[in-house]
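Dear colleague,

I am handing over a structure that may be new to you, and I would be glad if you looked through it alongside the notes below. What follows is a short account of what was found in it.

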Amino acid sequence: MIVLFTDFGAQGPYLGQMEMVIRQTLPAEPVVNLIADAPSFDPKASAYLLAALAAAIPRQSVVLAVVDPGVGGERRPLVVEADGVLYLGPDNGLFEILARRARTFRAWEIVWRPENLSASFHGRDLFAPVAARLAAGLGPEDCGCRPVEPLPHADWPDDLAAVIYHDHYGNAWTGQRAKILAQDAVLRAGGEEFRRARTFSDVKPGTGFWYENSSGLAEIAVNGGAASSLSVLAIGSIVTN
């Protein structure tokens, strides 16, 4: 299948335009919109989110991942292979955490260019056509790619102690894997403290807490409320323990 991971938003033409390009080559290929509200203009936060969600992506899938504030600039377009899944996206750190956690990892720069390439929509004009060819069974070298090493982001931590995402319910995902935290860890953001619970029904309505979410990340939530309404839990807010 082809999986979409973007900060485009579900409204507007962008997802549909990319899917139309894919359908021109693969009319019957499943296209799954995994997430369209990745942290906007934020490849760093998105890198931790993508790495957490990657565990559920089936091998041999092709993931079109576009969080690309530098589109049209000097950043390179990449194809990377991590543990049997191919990812396409910008060389801006989006694949940094995937690379660290993968058992196998390779990367290629997309040097092919279409006849018509918008300066601002490489998701449609560059990444989508290459994604379709990869999903059709071609290898990266057959799609106009050459092996490279992605730009390193060695200063990024293995786990990001900050809020990286708000889901539909207002829960605040952090970039920390729950398994690295002690069972009795107390998460702190601003002047607020959040103690661990197994799930929502284990705390009283209106109570804030943290738990291990279904993607393995430490997530701060309010039973029956929205943690995102707390100013200390904005995207990028530091969360310590």
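The buried residues of helix α4 (residues 122–135) pack against β1 (2–6), α1 (14–25), β3 (62–66), β4 (77–82), β5 (85–90) and β6 (105–110), where contact means heavy atoms within 4.5 Å, and where helices (H or I, at least four residues) and strands (E, at least two) are DSSP runs, numbered from the N terminus. This is a predicted model, in which local features need pLDDT of at least 70 and side-chain atom pairs count only at pLDDT 80 or more, while totals for chains, interfaces and linings use all residues. Residues are numbered from 1 along each chain as its sequence is written, and side-chain values use heavy atoms, with hydrogens and water left out.

Helix α4 is mostly covered, with 11 of its 14 residues buried, which here means under 20% relative accessible area, whereas exposed means over 50% and partly exposed lies in between (1.4 Å probe, protein chains only). Among the buried residues are H122, D125, F127 and P129. A kink of about 35° lies at A128, shortly before the proline P129; the bend at a residue is the angle between axes fitted to the seven residues ending there and the seven starting there. At 1.5 Å a residue (the expected span being 1.5 Å times one less than the number of residues), α4 should span 20 Å, and its end C-alpha atoms are 18 Å apart, which agrees. Just after α4, G137 takes a positive phi of about 115°.

An open sheet of seven strands has the order β2-β1-β3-β5-β4-β6-β7, with mixed pairing, two strands being paired if DSSP finds at least two bridges between them. Its edge strands are β2 (31–35) and β7 (145–147), each of which pairs on one side only. Within this sheet β3 and β5 run parallel and are joined by three bridges, and the bridge partner of L64 is L88 in β5. Helix α4 packs on the sheet, and its direction makes about 170° with that of β3; axes are lines fitted to C-alpha atoms, for helices over the stretch in contact, and angles run from 0 to 180 degrees between N-to-C directions.

A further open sheet has four strands in the order β8-β9-β13-β12, with antiparallel pairing. Helix α2 (residues 43–54) lies across β8, β9 and β13, running at about 80° to β8, and α2 also lies across β1, β2, β3 and β5, running at about 150° to β1.

With best wishes
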